[in-house]
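Please open the model in your viewer and follow the selections below in order.

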Amino acid sequence: MSKLDTSTESAVLEPGGDQPMPGSKKVHLRTFGCQMNVYDSERISESLAAYGYVETETADDADLVILNTCHIREKAAEKVYSELGRIRQTKDARRAEGRQTLVAVAGCVAQAEGAEIVARAPVVDLVIGPQSYHRLPELLFRAKSESRSIVETQFPDEDKFSKLPKRDRPRAASAFLTIQEGCDKFCTFCVVPYTRGIEYSRPVAAILAEAKQLVSRGVSEITLLGQNVNAYHGEAEAGGNATLAMLIGRLGEIDGVERLRYTTSHPRDMGDDLIAAHASEPKLMPYLHLPFQSGSDRILAAMNRKHTAADYVALIAKIRRVRPDIALSTDIIVGFPGETERDFEATLGLVEQIGFAHAYSFRYSARPGTPAANMADQVPEAVAVHRLHTLQRLLDKHQTRFNADCVGRTIPVLFERSGRRDGQLIGRSPYLQPVHAFADHGMLGRILPVEILGSGPNSLSGVVRAA
Ligand code: SAH
Ligand code: SF4
Ligand code: F3S
């Protein structure tokens, strides 16, 4: 088994030392989990590009394999080990041909399990937590030159964002921008406070600078990311703290930023100025992802959500007053410990009452180290599976209805990529629905009015009308 090093002291990458020529090394980067991991993977890829790495689709021809992992549910975390089993075979096969492969595990499993990963999967050369990505090239260099596994899962004080390279690649029309990380809320089911650490908000100036870089590279839609994005309280340009609404206002002033979104929000941090921004800021899209988790107050209390179902309903009413057409999305957990049939019915009732345009629903997964994992009355799997199916049928019905209600309207669509059919483009409506239309390839990256003629459970289709 590999030797372990859990120290955090820096080793400097020697100038001109082991750094290959651009394009001479290949990295295979696989991303699991949420949008924050998608954003992190982009930044990892950008920082490796500076050391000559280009991305490859397959592990077979990769000199470096990175798994950017998710720990939120058991299935997500276990996927990593089955993947590492396959990578071990690839690494062995490459070694037989005299080629070396470095294997790194990043993301939330790395943070949560640390050295355990190397113990279970000695194929791994580097375990690196989300707060240390700015040190990735240096740590890889060390793992390689010292031929041993390195584990780096400290939460350093430094701001990793300021140490990552600039966003200077050409890009698609829509991009993510992480503005806030971590969480202090400690919902009893959730690993995020342990894997991403305490809440941290980036300064407004740094976010504006990154947004401008993205725009200069062809981006016109920016989705602001954070585990608790609406708890954002970064340093304002003139000192003091800015709110998310203030940040959105500043981003809206940037020429070339056409659309703004943010995710994921917590009901407790939905401030009045943010709600008002949905009426006053034309670039802020009419879409809100606001998880409620359960419709039962008893379960909400056991989850430590610190809001009731009635609070949620009142909040939605307030938001709909200023922006009646807003598309609402949510996260729901079924089968939380102690959930009775009545509790579950309260969840169905809340779904009926609100009418979501979109939703993610999950069967509760007990996560080691979280308070809920030790609660009495864990719900039997068969019961939870049945409840999940019932809930998903209802959510599908609402989503299909929301989409059908768009038929006949002409709505602005930002075209992002080519469709499967010849001449077809796929874009997004303001409500985040995928929209298919036939249009010239040159329309990619543009926002055009589309008359919606058809709808399905997951998308819309229509024809482009003259702008
Ligand atoms: N910060 C966001 C959620 C982040 S995690 C919020 O507070 O709403 C994304 C979603 O995963 C959660 O909203 C929750 O619905 C789900 N989730 C988190 N932990 C889970 C667990 N142990 N089992 C099942 N679903 C879980
Ligand atoms: Fe997890 Fe969200 Fe709760 Fe934080 S607020 S502990 S990220 S579910
Ligand atoms: Fe998963 Fe970590 Fe995101 S646990 S959901 S990748 S914050």
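Select ligand 3 and the residues of its shell, which divide into 4 nonpolar, 4 polar and 1 charged. In this count Ala, Val, Leu, Ile, Met, Phe, Trp, Tyr, Cys and Pro are nonpolar, Asp, Glu, Lys and Arg are charged, and the others, Gly among them, are polar. Surrounding ligand 3 are Cys34, Asn37, Thr69, Cys70, His71, Ile72, Cys108, Arg196 and Gln227, each with a heavy atom within 4 Å.

The model is predicted: local features need pLDDT of at least 70, side-chain atom pairs count only at pLDDT 80 or more, and totals for chains, interfaces and linings use all residues. Residues are numbered from 1 along each chain as its sequence is written, chains are lettered from A and ligands numbered from 1 in the order in which they are written, and side-chain values use heavy atoms, without hydrogens and water.

Next, select ligand 2. Its shell holds 7 nonpolar, 2 polar and 2 charged residues; among them are Cys183, Cys187, Cys190, His266 and Arg305.

Now display strand S2 (residues 25–31), helix H1 (residues 35–49) and strand S3 (residues 53–55). Helices (H or I, at least four residues) and strands (E, at least two) are DSSP runs, numbered from the N terminus. S2 and S3 pair (at least two DSSP bridges) in the parallel sense over 3 bridges, and Lys25 stands opposite Tyr53 in S3.

Finally, colour by pLDDT, the predictor's confidence in each residue, from 0 to 100. The protein averages 93, and 95% of the residues score at least 70. Over residues 1–18 the pLDDT is below 50. Where pLDDT is low, the predicted coordinates should not be read in detail.

Methods:
Right-handed = clockwise from strand over helix to strand, strands pointing away. Contact = heavy atoms within 4.5 Å.
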